[in-house]
Amino acid sequence: MADEITLSVIKADIGGYVGHSAIHPALIERAQEQLDIAQRRGTIMDFHVAYCGDDLQLIMTHQAGVDSSAIHGLAWQVFESCTEVARDLKLYGAGQDLLADAFSGNVRGMGPGVAEMAFRERTSEPVLIFMADKTAAGAWNMPLYRMFADPFNTAGLVISPTLHEGFRFEVHDVKGHKRITFDAPEEIYDLLVFIGATGRYAIKNVYSKSTGEIGAASSTERLSLIAGKYVGKDDPVCIVRSQGIFPAVGEVLEPFTMPHIVEGWMRGSHYGPLMPVSLRDAHPSRFDGPPRVVCLGFQLADGRLIGPRDMFDDPGFDEARHLCNVVSDHLRRHGPFEPHRLPADEMEYTTLPEVMRKLEGRWETL
Ligand code: F6R
Ligand code: MG
Ligand code: MG
């Protein structure tokens with residue numbers, strides 16, 4: 001099709017069932033009803049409502065472009081409507097991520113997480129949507145690096161002429177509110193200096209160097225920086241286009257066979273391995289975790305979302321899941337000690353500052 005379509009994934013935790021472990025089906029139903037109305041009115045072309053843990057995910061296609069106030073306003077209204085359901089059922093933390101009292105043009109900075117991209121649909125357009133729970137923005141840095149810059153992960157970087165030129169990474173400094181771009185493979189050492197520090201630098205977008213087309217977009221909102229205190233974890237999302245000039249589906253999924261350690265888990269204050277799971281297992285309960293990631297695959301057809309396919313519903317990821325449990329056991333045995341618990345400066349937005357303030361007067365100078 002000639003015109004650009006926009007794929008938007010907007011998510012929020014607006015109430016958990018039970019505790020912070022999952023979503024109640026009534027929230028999904030309410031969101032589906034609301035988006036169905038929006039589709040019939042022509043605001044959106046198609047939609048799919050998904051979940052990961054206690055986060056509600058609105059996957060939408062439309063032609064309003066990224067950062068559209070109509071689309072963001074629709075998502076906000078859906079979250080508000082679902083919050084009413086959550087309040088009625090007294091679900092846990094109803095309305096948790098709606099940090100602003102009223103919508104003001106764009107959900108960025110108001111609590112929900114957003115990943116969006118606009119592009120001309122190719123003859124065939126496979127897209128993969130990653131959704132995580134009990135972890136923070138920055139969790140995508142390592143997998144995105146592996147997909148788009150690591151030849152040991154993505155064979156196409158070496159042997160496919162369409163990928164050989166490499167990719168351009170747009171990195172955001174989420175604390176300094178700045179951005180920079182790096183070309184891979186030429187600048188991978190410089191790139192890694194920053195994206196290795198996942199709490200501060202996050203890969204926002206990835207572009208094909210040969211065509212300039214967008215290949216990946218992630219949500220980089222840090223809830224604690226917006227709220228000034230701990231109000232729940234970011235639980236980020238990420239969209240990746242696949243095949244042709246982009247990594248193949250299997251190359252996009254391969255990084256998740258190594259369950260990397262991310263921040264989050266219990267009370268957003270612990271390191272733990274990111275477990276790739278099917279939707280059926282996207283309900284973190286052990287110590288409120290371990291952190292989960294699901295991946296839904298779609299074929300786009302003139303803006304229609306054909307799917308989803310539950311991509312981690314594959315025994316090929318069994319060993320990764322097993323390893324996650326082994327690593328989880330080992331980390332859990334550290335209890336309140338680092339490196340299971342986050343270091344103090346990473347916990348500045350939790351209860352730690354209060355405890356420190358309370359005990360201020362009891363410290364004696366040595
Ligand atoms: C982590 C998370 C949970 C809660 C924990 C305590 O992102 O959501 O681990 O932090 O269950 O929750 P509250 O303080 O609401 O009782
Ligand atoms: Mg929650
Ligand atoms: Mg969550």
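## Metals, rings and a cavity

Mentor: Let's start with Asp 55, which counts as buried at 0% relative accessibility. This is a predicted model, in which local features need pLDDT of at least 70, side-chain atom pairs count only at pLDDT 80 or more, and totals for chains, interfaces and linings use all residues. Residues are numbered from 1 along each chain as its sequence is written, chains are lettered from A and ligands numbered from 1 in the order in which they are written, and side-chain values use heavy atoms, with hydrogens and water left out.

Trainee: What makes a residue a donor of the magnesium ion (ligand 3), and which residues are they?

Mentor: A donor is an N, O or S atom within 2.8 Å of the metal (3.2 Å for Na, K and Ca); water is not among the atoms, so sites may look incomplete. Asp 54, Asp 55, Asp 133 and Asp 235 each coordinate through OD, at 2.0 to 2.1 Å. Along the sequence, their spacing reads D-D-x77-D-x101-D.

Trainee: Which residue coordinates both magnesium ions, ligand 2 and ligand 3?

Mentor: Asp 54 does, and the two ions are 4.5 Å apart. The magnesium ion (ligand 2) is coordinated by Asp 13 (OD), His 20 (ND1) and Asp 54 (OD), at 1.9 to 2.2 Å.

Trainee: Is His 20 buried or partly exposed?

Mentor: His 20 has 27% relative accessibility, so it counts as partly exposed. Asp 13, at 1%, counts as buried.

Trainee: On to the rings. How many aromatic pairs does a search of the whole structure find?

Mentor: The search finds 11. Rings of Phe, Tyr and Trp (its six-membered ring) pair if their centres lie within 6.5 Å; planes under 30 degrees apart count as stacked, over 60 as edge-to-face and the rest as tilted. Phe 130 and Phe 256 have ring centres 4.9 Å apart and planes at 25°, so this pair is stacked. Phe 130 sits in strand E5 (residues 125–133) and Phe 256 in the loop between helix H7 (249–253) and strand E11 (261–264), so the pair ties together parts 126 residues apart in sequence. Both Phe 130 and Phe 256 are buried.

Trainee: What kind of pair do Phe 194 and Tyr 201 form?

Mentor: Phe 194 and Tyr 201 are edge-to-face, with 5.1 Å centre to centre and 75° between the planes. Phe 194 is partly exposed at 29%, while Tyr 201 is buried at 19%.

Trainee: Finally, which residue classes line the second largest cavity?

Mentor: Its lining has 3 nonpolar, 3 polar and 5 charged residues. Ala, Val, Leu, Ile, Met, Phe, Trp, Tyr, Cys and Pro count as nonpolar, Asp, Glu, Lys and Arg as charged, and the others, Gly among them, as polar. A cavity is a set of points, on a 1 Å grid over the protein atoms alone, where a 1.4 Å probe fits but cannot get out, and lining residues have an atom within 4 Å of a point. The lining includes Lys 11, Gly 111 and Asp 235.

How values were computed: 1 Å grid on protein atoms, 1.4 Å probe; cavity = no way out; pocket = protein on both sides within 12 Å on 5 of 7 lines; lining within 4 Å. Buried < 20%, exposed > 50% of the residue type's maximum accessible area, 1.4 Å probe, protein only. Helix = DSSP H or I, 4+ residues; strand = E, 2+ residues; numbered from the N terminus.
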